[in-house]
Amino acid sequence: MPTSLRGIAYRAKQDKKARFQDLYRLLNEDNLRLCFRELRRNAAAGVDRVTFEEYAREVEKNLADVVKRLKEKRYRAKLVRRKYIPKANGKMRPLGIPALEDKILQRACANILSAIYEEDFVDSSWGYRPDRSAREASRVLETELYRGKYHWVVEADIRGFFDNIDHKWMLKMLEQRVDDRAFLRLIGKWLKAGIMEEDGRVLHPVTGTPQGGIVSPVLANVYLHYALDLWFEKVVAPKCRGARYIIRYADDFVCAFQYEDDARRLESELAPRLAKFGLEIAKEKTQTLRFSRFGGQENGAFCFLGYEYRWVERRSGKPGVQRRTAPRKKQASVANFTEWIKRNRHKPLRKIMTTLCSKLQGYWNYYGVRGNMESLREVYHEFKKLLYKWLNRRSQKRSYNWQGFLDMLKHYAIPLPHIVETGPSPQLQLF
C-alpha cells in the first residue's frame with residue numbers, strides 16, 4: 001500500500017467521523033502506474049478494444065494524458081461493454097467491461113475507498129475484501145451455526161442488487177467519509193456511464209453499477225454497509241431477546257437467531273428497510289427455517305456461497321452441521337463441463353488434459369471442504385463418464401476402452417478428489 005493510502009487508512013481508523021479531502025489529487029501518474037500494473041494482462045477489452053499490451057507500449061504518454069484531462073476536468077467515462085454469462089438457474093448474468101483507461105482509474109479509486117472503508121466495515125462483511133475468501137466465509141458460518149445458540153435461520157436474496165443501486169443514495173453514503181466534490185463527480189460518471197449491449201444498443205441506466213467494473217465491488221460493500229450491516233448491528237440486534245448473527249458476502253447474506261420471534265421480526269422488517277434504498281427482496285428465495293441441533297425432522301436446509309447447510313447425525317451419533325456442494329451448483333458444474341468437452345473434444349489431447357487439470361483442481365480448491373468428499377466423488381465420476389463418452393467421439397473409430405482411458409488419466413496426472421481445507425474441525429468440540 002502506498003504511503004498516501006496508509007496515511008488515509010490510519011486516519012480513518014483513528015477518527016470514525018473524519019471526512020477526507022484532496023482524494024482527487026491522488027490520481028497522479030505514480031499511483032496510476034501502480035494501478036496499471038495491477039490489472040490482468042489477459043482481461044477482455046472494453047468498447048475501445050484497447051488491450052493491456054497496446055496500452056503498455058506508450059504507457060507513460062497515455063498516463064500523462066489521462067492525468068492532464070483529469071486536472072482540466074475533461075475526462076469522460078467511456079461506454080461499458082455488456083457481456084452475458086450463463087448462471088446455474090439457466091438465466092444469464094450481465095457483466096460490464098469498462099475500457100482499459102477507466103479500469104486504471106477505477107482501480108485507483110477502489111484502492112482509495114478501500115483504505116477508508118476497510119476501517120469501517122463490520123466483521124460480518126466478507127465479500128471483495130482483502131484476505132477474505134468465499135470458502136473461508138462458508139467455514140466461518142458453519143462454525144458459528146455449530147457452536148452458537150441458534151435455532152432459526154433467515155435465508156434472503158436481493159433481486160438484481162447491482163442493477164438497482166440508487167445513485168443518489170450511493171453518493172450520499174460516500175459523502176459520510178468523502179469531502180471531495182471532484183472525486184465524487186468521477187464516481188458519478190461511472191455510475192451514469194452508458195452500457196453498450198451485445199447487439200450494439202446503448203442504454204443509459206438511472207440506477208445500478210455494472211457488475212464486473214473494478215470499482216463496483218467496493219461501492220456495493222459501502223452501499224450494503226449502510227443499508228444492511230449497520231442497521232442489523234444498531235437496530236435489529238438490540239431488539240433481539242437472544243443470540244443473533246449475520247454474515248454477508250457481497251449481496252448474499254444469512255441471519256441466524258436463537259428465538260423464532262426474532263427471526264420472524266427480521267423477515268418482516270427486511271423488505272421495507274431495503275426498499276428505502278431501492279432494493280427488493282426476492283420473496284420466492286426468502287424464508288425463515290428451523291435450524292437447530294435439537295430440531296430433528298423439523299430442520300430445514302439452506303444454501304450460501306454454493307454450499308448447502310443442514311444438520312446431520314455424525315458417525316459418532318452426535319449432531320453436526322454438514323456443508324456440502326449445493327445440488328443446484330453440482331448440476332450446473334456437470335452441465336458446464338458437458339458443454340466444454342463437446343466444444344473442445346477436437347483439440348489436441350494434451351491441451352484438453354491440461355485444461356481439465358486446471359478445472360478439476362479449481363473445483364477441489366473451492367469445494368474440497370471437510371464433510372464434502374461424497375459430493376466431490378460424485379462430480380468426479382460424472383466428469384469421467386462425460387470425458388470417456390466425448391473422447392470416444394473424436395472420430396468414427398473408438399479411441400479408448402475403459403482400462404485404456406483410466407491409464408490415460410493416470411498418465412496426465414488428473415487430480416483426484418481431495419480435501420484441501422486444513423486446521424482442526426470446528427465440530428470436534430463436545431457438548
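Modeller: In this description a helix is a DSSP run of H or I with at least four residues, a strand is a run of E with at least two, and both are numbered from the N terminus. By that reading, Asp-131 is placed in the loop between α5 (100-117) and α6 (134-147).

Biologist: What kind of model is this, and which pLDDT do local features need?

Modeller: This is a predicted model, in which local features need pLDDT of at least 70 and side-chain atom pairs count only at pLDDT 80 or more, while totals for chains, interfaces and linings use all residues. Residues are numbered from 1 along each chain as its sequence is written, and side-chain values use heavy atoms, with hydrogens and water left out.

Biologist: How many helices and strands does the protein have, and why is it called as compact as a globular protein of its length?

Modeller: The protein has 14 helices and 11 strands. Its radius of gyration is 24 Å, close to the 22 Å that the globule rule gives for 431 residues, so the protein is as compact as a globular protein of that length. The radius is taken over C-alpha atoms, and the rule is 2.2 Å times the number of residues to the power 0.38. Along the principal axes, the C-alpha trace spans about 70 × 65 × 40 Å.

Biologist: Why is Asp-131 called exposed?

Modeller: Buried means under 20% relative accessible area, exposed means over 50%, and partly exposed lies in between (1.4 Å probe, protein chains only). Asp-131 has 83% relative accessibility and therefore counts as exposed. Its phi is near 60°, a positive value in a residue other than glycine.

Biologist: What makes such a phi worth noting?

Modeller: Most residues other than glycine have a negative phi. Arg-49 also has a positive phi, near 60°. Arg-49 sits in the loop between α2 (29-38) and α3 (52-56) and counts as exposed because its relative accessibility is 52%.

Biologist: Why is Arg-177 called buried, and where is Arg-177 placed?

Modeller: Arg-177 has a relative accessibility of 1%, so it counts as buried. Its place is in the loop between α7 (167-175) and α8 (181-192).

Biologist: How do you know that the side chain of Arg-177 makes a polar contact with the side chain of Asp-120?

Modeller: A polar contact is a pair of N or O atoms within 3.5 Å; within protein, one must be able to donate a hydrogen and the other to accept it, and residues adjacent in sequence count only if both atoms are side-chain atoms. The two side chains make such a contact at 2.8 Å. The side chain of Arg-177 also reaches the backbone oxygen of Asp-15 at 2.8 Å.

Biologist: Which other residues does Arg-177 touch?

Modeller: Contact means heavy atoms within 4.5 Å. Leaving aside residues up to four places away in sequence, Arg-177 touches several residues, including Ala-12, Phe-20, Tyr-117 and Tyr-226.

Biologist: Why is Arg-394 called partly exposed, and which backbone oxygen does its side chain reach?

Modeller: Arg-394 has a relative accessible area of 35%, and therefore it is partly exposed. Its side chain reaches the backbone oxygen of Arg-345 at 2.5 Å. Arg-394 is in the loop between α13 (373-391) and α14 (402-411). Arg-394 and Lys-347 are 47 residues apart in sequence and 9.2 Å apart in space, C-alpha to C-alpha. Among the residues that Arg-394 touches, not counting those up to four places away, are His-346, Leu-349 and Ile-352.

Biologist: Which residues of α2 are buried, and what covers them?

Modeller: Asn-31, Leu-32, Arg-33, Cys-35 and Phe-36 are buried in α2. Their cover includes α1 (3-14), α3, α4 (59-71) and α5. Asn-28 caps the N-terminal end of α2, with a side-chain oxygen 3.3 Å from the backbone nitrogen of Asp-30.

Biologist: Why is Lys-83 called partly exposed, and what does Lys-83 touch?

Modeller: Lys-83 has 38% relative accessibility, so it counts as partly exposed. Lys-83 lies in strand β1 (residues 80-86). Not counting residues up to four places away in sequence, Lys-83 touches Arg-93, Pro-94, Leu-95, Ile-97 and Glu-198.

Biologist: What makes His-204 count as exposed?

Modeller: His-204 has 60% relative accessibility, and so it counts as exposed. Its place is in the loop between β5 (202-203) and α9 (216-239).
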